[in-house]
Amino acid sequence: MLRITSISGNIHDGGVCDGDSEHLCISRGDLEKSRLRRETDGGTDIGLSLDPGTVLRDGDVLAGGKKPIIVRQTAEMVISVRLDDPEMRVVAGHVIGNHHRPVAVEKGVIYFPVQADSELEVFEKLFAGIGATLSIEEMVFTPHRRARAHEH
């Protein structure tokens with residue numbers, strides 16, 4: 001087992017290449033774990049032993065092996081909310097917040113994770129009457145840093 005104790009950079013920050021590397025594909029929940037044992041796509045058995053409180057991000061580079069290991073966050077199911085009236089964002093935030101879901105906002109679209117496609121119907125009823133269009137998508141979800149919420 002290869003023991004990893006630090007992050008050496010992130011390919012999204014520039015300066016680090018995603019060339020000849022292996023990938024460690026993990027869920028959003030596992031990104032927050034400082035102790036974790038997994039296998040890369042190249043078959044390398046690794047054990048993370050990071051400082052407590054360290055949170056991995058998609059694209060982080062883990063060094064210590066023969067090749068760099070790039071962290072890849074797996075995609076998950078999310079609901080996207082598009083509002084006809086931007087002033088309804090407060091109402092949308094209230095509805096989502098009551099369900100303790102983290103949110104991301106990109107180009108005026110609100111995203112939050114769901115566990116099953118069947119939740120779409122529930123949220124369509126909750127958003128009825130405020131001019132919202134909801135759909136299910138699969139994406140790498142990164143919650144807004146300032147809007148952290150615990151999930152139920």
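Helix α3 (residues 119-126) lies across β8 (76-83), β10 and β11, and runs at about 155° to β11. Here contact means heavy atoms within 4.5 Å. Axes are lines fitted to C-alpha atoms, for helices over the stretch in contact, and angles run from 0 to 180 degrees between N-to-C directions. Helices (H or I, at least four residues) and strands (E, at least two) are DSSP runs, numbered from the N terminus.

The model is predicted: local features need pLDDT of at least 70, side-chain atom pairs count only at pLDDT 80 or more, and totals for chains, interfaces and linings use all residues. Residues are numbered from 1 along each chain as its sequence is written, and side-chain values use heavy atoms, with hydrogens and water left out.

A salt bridge is a side-chain nitrogen of Lys or Arg within 4 Å of a carboxyl oxygen of Asp or Glu. Lys125 and Glu121 are 4 residues apart in helix α3, so about one helical turn separates them. Lys125 is exposed, at 60% relative accessible area, while Glu121 is partly exposed, at 49%. (Buried means under 20% relative accessible area, exposed over 50%, partly exposed in between, with a 1.4 Å probe and protein chains only.)

The sheet is open and has 4 strands in the order β9-β10-β8-β11, with antiparallel pairing. Its edge strands are β9 (104-106) and β11 (132-139), each of which pairs on one side only. Neighbouring strands of this sheet are turned by 30° against each other on average, direction ignored. Two strands pair if DSSP finds at least two bridges between them; β9 and β10 (residues 109-113) run antiparallel and are joined by 3 bridges. Ala104 stands opposite Tyr111 in β10.

Now the charged pairs elsewhere. The whole structure holds 10 salt bridges. One of them joins the side chains of Arg57 and Asp13 at 3.1 Å, N to O. Arg57 is in the loop between β5 (45-49) and β6 (60-62), and Asp13 in the loop between β2 (7-10) and β3 (22-26), so the pair ties together parts that are 44 residues apart in sequence. Arg57 is partly exposed, at 43%, and Asp13 is exposed, at 55%.

Arg37 and Asp45 also meet through their side chains in a salt bridge, at 2.4 Å, N to O. Arg37 is exposed, at 51%, whereas Asp45 is partly exposed, at 24%. Asp30, Lys33 and Arg38 are linked in a network of salt bridges.
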